[in-house]
Amino acid sequence: MIKKEIIKENRKELSPWVTLLERTIKGNTNDEVYHSFEQFDYVSIVAVNDNKELLLVEQYRPAVNSITLELPGGLVEPGETPISCIRKELIEETGYESMGELFSLGNYYPDTGRLANRFYGFYSSNLTKLSEWRPEPDVKPILVPLEILSDYLNIKYACINFKTSYFKPNLLT
């Protein structure tokens with residue numbers, strides 16, 4: 001595989017969070033134009049409290065015109081590190097604070113054909129519920145016991161095909 005030469009590049013800022021990137025790539029016979037989006041990196045966390053409940057958030061997402069169930073997370077803003085961002089997002093969205101080390105689950109490009117950002121995943125089970133927390137508007141924290149997670153998702157969110165058997169042995173111990 002040979003890396004191709006970019007012969008032209010244009011950027012159009014669509015919002016403070018998204019930039020449309022147009023790249024013209026030199027081809028063997030014809031030049032080809034490709035489009036992608038640049039946006040901030042983002043983070044998510046698999047957070048399990050002492051009661052063996054997975055912390056999730058429910059919110060309306062205009063991109064899919066649906067109320068979604070998600071892991072807590074958000075965009076890494078300029079000057080922020082992924083780890084400081086996920087600590088902040090966990091508190092803002094759930095009212096829980098990770099009191100110990102956050103374990104990295106790695107990072108990757110979530111959609112190399114369309115997005116130019118990275119996704120960082122974390123895990124924590126050393127959580128403390130904050131007493132003076134105020135929920136974010138339109139973000140509802142949901143606590144789901146791990147032993148019923150698969151059934152919960154299949155009943156309440158029938159469109160999700162979520163396999164939890166991989167996580168159960170490690171998360172329940």
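User: What length does helix H1 reach from its first C-alpha to its last?
Analyst: This is a predicted model. In it, H1 covers residues 82–94, which makes 13 residues. At 1.5 Å a residue, 18 Å is expected. The helix comes close to that, reaching 18 Å.

User: Why do the buried residues of H1 line one face of the helix?
Analyst: Cys85, Ile86, Glu89, Leu90, Glu93 and Thr94 are buried in H1. Look down the helix axis: these buried residues line one face because they fall within an arc of 135°.

User: Which residue just after H1 takes a positive phi?
Analyst: Look at the position just after the helix ends. The phi there is positive, about 80°. The residue is Gly95.

User: Which residues have the most contacts inside the largest nonpolar core?
Analyst: This core has 13 residues. Strand E4 (42–47), H1 and strand E10 (119–124) each give two or more residues to it. Phe122 touches Val43 and Ile45, and also Ile86, among others. The residues with the most contacts inside the core are Val43, Ile45 and Phe122.

User: How many bridges join strand E5 to strand E12?
Analyst: E5 spans residues 53–61, and seven of its nine residues are buried. It runs antiparallel to E12, residues 139–145. The number of bridges joining E5 to E12 is seven.

User: Which residue takes a positive phi in the hairpin of E5 and E6?
Analyst: Five bridges join these antiparallel strands, and Val57 stands opposite Glu70. Four residues lie between the strands. The positive phi, near 50°, belongs to Asn65.

Note on methods. Residues are numbered from 1 along each chain as its sequence is written. This is a predicted model: local features need pLDDT of at least 70, side-chain atom pairs count only at pLDDT 80 or more; totals for chains, interfaces and linings use all residues. Side-chain values use heavy atoms; hydrogens and water are left out. The expected span of a helix is 1.5 Å times one less than its number of residues. Buried means under 20% relative accessible area, exposed over 50%, partly exposed in between (1.4 Å probe, protein chains only). The arc is that of the directions from the helix axis to the C-beta atoms. A nonpolar core is a set of buried Ala, Val, Leu, Ile, Met, Phe, Trp, Tyr and Cys residues joined through side-chain atoms within 4.5 Å. Contact means heavy atoms within 4.5 Å. Two strands pair if DSSP finds at least two bridges between them. Lists of a residue's contacts leave out its neighbours within four places in sequence.
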